Amino acid sequence: MHKLLSCLLLLVPLLGSGQATSTLLRPAAVFDGQDLHPGWAVLVKGDKIKALGPAAQLTAPAGTTTLELPGLTLLPGLIEGHSHLLLHPYNETSWNDQVLTEPLALRVARATVHAQRTLQAGFTTARDLGTEGAGYADVGLKQAIDQGIIPGPRLLVATRALVATGSYGPHLAAVEDLPQGAQEADGVDGIIRAVREQIGHGADVIKVYADYRWGLGGTAQPTFSQDELALIVQTARSAGRGVVAHASTAEGMRRATLAGVETIEHGDGGTLEVFRLMKQRGVAFCPTVAATDATSQYRGWKKGQQPEPQRILDKRRAMQAARQAGVTLAVGGDVGVFAHGDNVREMELLVQEYGLGPLEVLRAATSGNARIFHLADRGRLAPGLLADLVAVAGDPTQQVQALRQVKLVMKGGTVVAL
Ligand SMILES: [Zn+2]
């Protein structure tokens, strides 16, 4: 591994020079986002894929650098569907304390490390769904990555996210006007203004909390009205942005679906009926099973020794209903709740605990997420697409754990140092 890496590191300046350098990657097999092709190779020119196919049939131009990758599978860079680069695990610091007490510079400094770890884990793109009180810091992070100042994945950012007044946190019954983890907006004027503000500041996608645990009882309840949600989607869509909804109640999911959101996150209380509606309306489901698994353990669940808590049972039931309804799955773990760089955990749990096949999960995290997020230039390996590639030891279409064995990450034709 380290021998291979030290050779690769020598290539970094060469590949990063901006000239249309050609590289031929010769792994044991290529997963193209759909199927596994043993004996294939991939030719990269500049920042794009030039060609791929059986190694013997690929002719490389003079001056091409060849990377021999024996025993490795080469696949499209993975796409994280739900991260929060500005958060770190809640068992280190509670969400409330992160939002209320951590200075912005501290949060951003930490986020730069999170971005690097995400990339090193083979995730060359991430949909980052809200800064949780860190304003528009995600836009700055994205710029720093795009300008080559810090290493990180290509980002789709949601900026502040939208919540109905009073419905989000932090909340202390005795204290008024605490800083909030998202932007409060209500009613026609307020919502239109907030969506436009976020887009103006750089939001690629609008995130809305369609329900949340609010009030003293803390039970999840719908927040925005049907009309408000529809207006959010309409305002975002007219500016070419899609909307993603946090929703864990059946009613919040139903309203978000009818409003025209593109993905629903969490979905713990989803019924067969609401998942069928999502299927009918083409709304994808991002179950974030890893976040539920992590927070349940933070709350004291001894996994493997104690019976599964109700939250896990709810997630199982929701996943079963979603599968039965045939809803398209997006893959995203709500990373930040647990450690950045451990993004593969979501895929592992989907296979090991929710009964999905490794091939299905791998397709979902590459070509599937790309399709759902409208990223036509990546998620698959085909001529003309971005040369965002990951090489892992073994065959991840058979063993999801192979994704832990990242040996090479290439982003835009440049080998990224591990
Ligand atoms: Zn989240």
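Predicted model: local features only at pLDDT ≥ 70, side-chain atom pairs only at ≥ 80, totals over all residues.
Let's start with the overall layout. The protein splits into domain 1, made of 2–77 + 379–416, and domain 2, covering 78–372. Where the domains touch, 22 residues come from domain 1 and 24 residues from domain 2.

Now look at the side of domain 1 that touches domain 2. Strand E5 (65–76) and strand E18 (406–411) each supply at least two residues of that side. E18 gives the most, with three residues. What kinds of residues make up this side of domain 1? They divide into ten nonpolar, eight polar and four charged.

**The largest nonpolar core**

The largest nonpolar core has 119 residues, and the members that touch the most others are Val 42, Leu 162, Ile 206, Val 208 and Ile 232. Helix H12 (residues 358–372) is the element that gives the most to this core, with six residues. Why does the core lie between domain 1 and domain 2? Both domains give residues to the core, so it lies between them.

Find Val 42 in strand E3 (residues 40–45). Is Val 42 buried or exposed? A residue counts as buried when 20 or more other C-beta atoms lie within 10 Å of its own. Val 42 has 27 such atoms within 10 Å, so it is buried. Leaving out residues up to four places away in sequence, Val 42 touches Leu 25, Val 30, Ile 49, Leu 52, Leu 74, Leu 381 and Leu 389.

The other is Ile 206. Setting aside neighbours within four places in sequence, its contacts include Ala 158, Leu 162, Val 195 and Ile 232. Gln 198 and Arg 241 are also among the contacts of Ile 206.

**Apart in sequence, apart in space**

The table lists two pairs of residues, with their separation along the chain and between C-alpha atoms.

| Pair | Separation in sequence | C-alpha to C-alpha distance |
|---|---|---|
| Val 42 and Ala 387 | 345 residues | 9.5 Å |
| Arg 276 and Asp 138 | 138 residues | 34 Å |

Arg 276 has 16 C-beta neighbours inside 10 Å, so it counts as partly exposed.

**A three-stranded sheet**

Finally, turn to an open sheet of three strands, ordered E6-E7-E8, with parallel pairing. Which strands stand at the edges? They are strand E6 (78–83) and strand E8 (154–157); each has a single partner strand, so one side of each is left without a neighbour in the sheet. From one strand to the next, the twist averages 15°.

E6 pairs with strand E7 (residues 123–128) in the parallel sense, over four bridges. Along this pairing, Ser 83 stands opposite Asp 128 in E7. Helix H3 (residues 104–120) packs on the sheet, where it touches E6 and E7, and its direction makes about 130° with that of E7. Helix H4 (residues 137–146) lies across E7 and E8 and runs at about 160° to E8.

Note on methods:
Residues numbered from 1 in each chain as written. Pairing = 2+ DSSP bridges. Axes fitted to C-alpha atoms, helices over the stretch in contact; angles between N-to-C directions. Contact = placed C-beta atoms within 7 Å. Core = buried A, V, L, I, M, F, W, Y, C linked by C-beta atoms within 7 Å. Buried ≥ 20, exposed ≤ 12 C-beta atoms within 10 Å, placed from the backbone. Domains from an automatic or database assignment. Nonpolar A, V, L, I, M, F, W, Y, C, P; charged D, E, K, R; others polar.
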